[in-house]
Amino acid sequence: MKKLLIAALVCGLANVSYGAGFALYEFSGRATAMGGAVMANTAEAASLATNPALITELEGTQLQLGGTVVTAHARTTVSGDTRGLQRDVWLLPNFYITHKWSDEISFGLGGFSRYGLGGKYKDWQNWTGSYLAYKVKLETFSFTPTIAIKANDQLSMAMGLEAMTIDFTQNSLANPSPLYTYEIHGDGISWGGNFSFIYRPEWAEKWSVGAMYRTKVKQNLNGYIHTSTGTNLGPSLLHANAKGAITLPDSISTGVAFRPNENWVFEIGAVATMWSSYDQITIEYKDNETAPTIHNKKEYRDTIRANFGMEYQFIPHWFARAGYVYDKSPINSHAMDTLVPVDDRHIGSIGLGYKGETWSADLAYAHLFGRHLTGDSNTQSGDMPMRYSGGRSDMFALTVGYKF
């Protein structure tokens, strides 16, 4: 029975890695409206999340606060039996503050979510997919102290640290006699970093190029596995402490912007995430040195997220925006689970912005269309045919800014 619980814990933490693969890019109202294509055009305090080198172009001290409300819908079919997610609403808060220390040096601090996942299936009690998972909540939040340096009139560079917290809870159904449920919980905090630049060449004044590299973040998790009462498990197995390690992959983001005149801005970009560098999860009991360490192998694929955005200033201080994203999923069709029931995604977005001498405000709406995916699971309990369908999400973003 101990081996069963170890396997359950491994499966649970492995599934959370798919939640981490469900990356978030809704860092501000303006960024959401333009499909994230804000790496090489106009600077804002929220550039701390997209291209921190841009903050050298901000004057004085600037503050932005905001959030994105997200709803998600999807269906998962396991062995021919289909369940849909319950309706739920999630809030992704963010904040940014920048300060221009001198003509050459600027500082900033940002707080935002880079990964997140949540959902619970309807009528899970008699569903085969519940043996994988019927409920999950994954939350991360990153704090990014940053320094940016203006090398000359054409080039700025930035370097930042990242302290990322992670917290998750997953509930699943187990199948000895009698049936019981178990809950896996874990949390942790780890450090990473990022490096970025913005280049505005004098010889091509309508064009600009930006890029950022984010390092890997290795999360060391501490948590527990709790089982429901009424089982025939011993007391030491009903509530067991565990620890594990998950390495979130590095990524490279790029953007090329074109400003034909003072009113229009266009940008095209891409984000490459090296999910193949995330090859395994290690799990071990905290209070039992004789229990073996588990190495759970993964089959992730490197992914590309391509985006396009545009902005038009139609009257002084007011801006209309639109964007499109093609987001490639890292999920392997032969290693599916019930936690991220969506494959490749198309995202369309629109928005409206106001920027005055002191105050600014940005609104955005984005809709995600998920592709269907057919394959099978790859768990320690065996393979099961699976299918994702009906994946979609709505996102509403609001950001308010103030210049001191």
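Is arginine 305 buried or exposed? Arginine 305 is buried, because its relative accessible area is 5% and buried means under 20%, with exposed over 50% and partly exposed in between (1.4 Å probe, protein chains only). Before we go on, keep in mind that this is a predicted model, where local features need pLDDT of at least 70, side-chain atom pairs count only at pLDDT 80 or more, and totals for chains, interfaces and linings use all residues. Residues are numbered from 1 along each chain as its sequence is written, and side-chain values use heavy atoms, with hydrogens and water left out.

Let's step back to the whole protein. You'll find 4 helices and 21 strands; these are DSSP runs numbered from the N terminus, with helices (H or I) at least four residues long and strands (E) at least two. Of its 404 residues, 55% count as buried. Take the contacts (heavy atoms within 4.5 Å) with a separation of 6 or more: 69% of them come from residues 24 or more positions apart.

Now back to arginine 305, which sits in strand E16. Its side chain and that of aspartate 327 are joined by a polar contact of 3.1 Å. A polar contact is a pair of N or O atoms within 3.5 Å; within protein, one must be able to donate a hydrogen and the other to accept it, and residues adjacent in sequence count only if both atoms are side-chain atoms. Not counting residues up to four places away in sequence, arginine 305 also touches a list of others, including Tyr25, Gly35, Val271 and Ile347.

Next, find threonine 215 in the loop between E9 and strand E10 (217-227). Threonine 215 is buried too, since its relative accessible area is 19%. Its side chain reaches the backbone nitrogen of glycine 193 at 2.8 Å. Leaving aside neighbours within four places in sequence, threonine 215 is in contact with Gly192, Gly193, Phe195, Pro249 and Asp250.

At the other end of strand E9, lysine 206 lies in the loop between strand E8 (180-199) and E9. Lysine 206 counts as partly exposed because its relative accessibility is 43%. Residues up to four places away in sequence aside, it touches Ala257, Phe258, Arg259 and Pro260.

Finally, have a look at valine 400 in strand E21 (residues 385-403). With 34% relative accessibility, valine 400 counts as partly exposed. Valine 400 and serine 28 are 372 residues apart along the chain, yet their C-alpha atoms are separated by 9.2 Å. Among the contacts of valine 400, leaving aside neighbours within four places in sequence, are Leu63, Leu65 and Trp359.
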